[in-house]
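Work through the exercises below with the sequence and the 3D structure at hand, and try each task before reading its solution.

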Amino acid sequence: MAEIEDTPPATQPLPTLPRTSPLPAQAVPATLPDPADLRPGGPARRWTWLLGGITAGAGAAALVLGLVANLVTPTVTASSAANSSAAVASSGPASPSAALYTASAAGCSLVHPETVARYAKGAPCTEQKPIGGIPVTGGSWTSQDSGLTMLQVLVTLSPSTDSIYQETLSSARTAAATSAGTMKITDDRSVPGIGEKATLLYTVAWGYGRIELVVLQRNALITVNYQASTRSGYTLKDVPPSEAEAAATAAARDALGTLTA
């Protein structure tokens, strides 16, 4: 019988795959946008930002402006523009007393120096410039010298101010109702004698009280936030709600007085 060789067959080299070039590098932005900036802020987010701004001090105005910017941009269509023109034509020329406002004072001039000295003594002002083409101005006075004082005034001029007025109040009420007990509105009422209509909310959050006064006058919306407490050792104690209301009311009246048609 013939012998069988135990030699493995010769192997052929594997074919060489074509060389691939690496994909070009993609440019990566230095900072990615916050998804919250791309959609309207919900009530809970709004309150989280606002309370964080109070603690941080001067950043509060910019955070509230983020909410306002999402709300005050109206969608103008040809039909709505035509309806508005027809309404103006049918109603005749507007009286000087009903003319729409076109400007207000700069942010740090919205509140009289006497009012700041009384309710936010020694607090420096941070001015918020108009953003996104929206006529919004604001000022924030914050001090932590003898406790915590935060006075914030925001003026918005827009044909949608009535909707913003309702949304601001609705957001605050919803936030308190869904906070699982961490926030509670202890005073919610209209305030006569300021603008066409005004509503005051006094909210206690994590043990500290805060006033929000929202005032509507023609096409102007004035929002005032005020929180003040005094320090005794390591303990902060809120000023009486009546004093906080007086501060918010005085600031709102000052801001209303700066509006021009």
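A disulfide is a pair of cysteine sulfur atoms within 2.5 Å. This is a predicted model, in which local features need pLDDT of at least 70 and side-chain atom pairs count only at pLDDT 80 or more, while totals for chains, interfaces and linings use all residues. Residues are numbered from 1 along each chain as its sequence is written, and side-chain values use heavy atoms, with hydrogens and water left out.

**Exercise 1.** Find which residues form a disulfide, and state which parts of the chain the pair ties together.

*Solution.* Begin with the sulfur atoms: those of C108 and C125 lie 2.1 Å apart, and the two residues form a disulfide. The structure holds 1 such link. Finally, the angle about the S-S bond is -95°, and the link of C108 and C125 is left-handed.

**Exercise 2.** Describe helix α6 and state what its buried residues pack against.

*Solution.* Start with the length: α6 (residues 241–256) has 16 residues and spans 22 Å from its first C-alpha to its last, close to the 22 Å expected at 1.5 Å a residue, where the expected span is 1.5 Å times one less than the number of residues. Then turn to burial, where buried means under 20% relative accessible area, exposed over 50%, and partly exposed in between (1.4 Å probe, protein chains only). Among the buried residues of α6 are A244, A248, T249, A252 and L256. The buried residues of this helix pack against α4, β3 (147–157), β6 (208–217) and β7 (220–232).

**Exercise 3.** Locate the largest nonpolar core and say which element gives the most to this core.

*Solution.* A nonpolar core is a set of buried Ala, Val, Leu, Ile, Met, Phe, Trp, Tyr and Cys residues joined through side-chain atoms within 4.5 Å. The largest one has 36 residues, and V153, L213, I222 and V224 have the most contacts inside it. At least two residues of this core come from each of α4, β3, β5 (197–205), β6, β7 and α6, and α6 gives the most, with 8 residues.

Technical notes: Helix = DSSP H or I, 4+ residues; strand = E, 2+ residues; numbered from the N terminus. Contact = heavy atoms within 4.5 Å.
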